[in-house]
Structure formats: structure tokens, C-alpha cells
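Please consider how the features of a protein model may be read, step by step.

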Amino acid sequence: MLIRRQRLLHDTLVRPTEPPLGTPADLADGARAVHQTALEPGHRILLYTDGVVESRDEGGEEFGP
């Protein structure tokens, strides 16, 4: 979510989905994309993912606490 001047800007940060970080790049349909958004002083961003703490390394160990 991006909030600017007390207003929620819907879909401003929405991007196409991609395979989770740490998975082989060949699972993606193409090259991974870098997305950019200009931010201004006072902007607030809320990011959420549950994927990182639930992911596992090659040995099957969880990444999270």
C-alpha cells in the first residue's frame, strides 16, 4: 500500500507476481524485473509477506526464527 497525503493510492505498487526470492530463476517466465516508484517525504509504505519466514534452504531448514 502507498499512502500519500492521508489518502490510500490503490494499485500504485501492484506488480505482476514472480516466483519467491531464493527459488531458481528458471522458474520465472522471463528475466526478473526491477520495479521503481518515486517516493516523496511523508509517504508511508506497508509491505507484507509471509513467504520469507516460511521458506527453507537447500537442507530443509527454515529461514525464519
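The dialogue below treats the fold, the sheet and the surface in turn.

Q: Which conventions apply to this model?
A: The model is predicted, so local features need pLDDT of at least 70 and side-chain atom pairs count only at pLDDT 80 or more, while totals for chains, interfaces and linings use all residues. Residues are numbered from 1 along each chain as its sequence is written, and side-chain values use heavy atoms, with hydrogens and water left out.

Q: Which pattern does the protein follow along the sequence?
A: Helices (H or I, at least four residues) and strands (E, at least two) are DSSP runs numbered from the N terminus. Here one helix and three strands are present, in the pattern β-β-β-α.

Q: What is the order of the strands in the sheet?
A: Two strands pair if DSSP finds at least two bridges between them. The sheet is open and antiparallel, with the order β2-β1-β3. Because β2 (7-9) and β3 (44-45) each have a single partner strand, they stand at the edges, and one side of each lacks a neighbour in the sheet. Strand β1 (residues 2-4) joins β3 through two bridges in the antiparallel sense, and Leu-2 lies opposite Ile-45 of β3.
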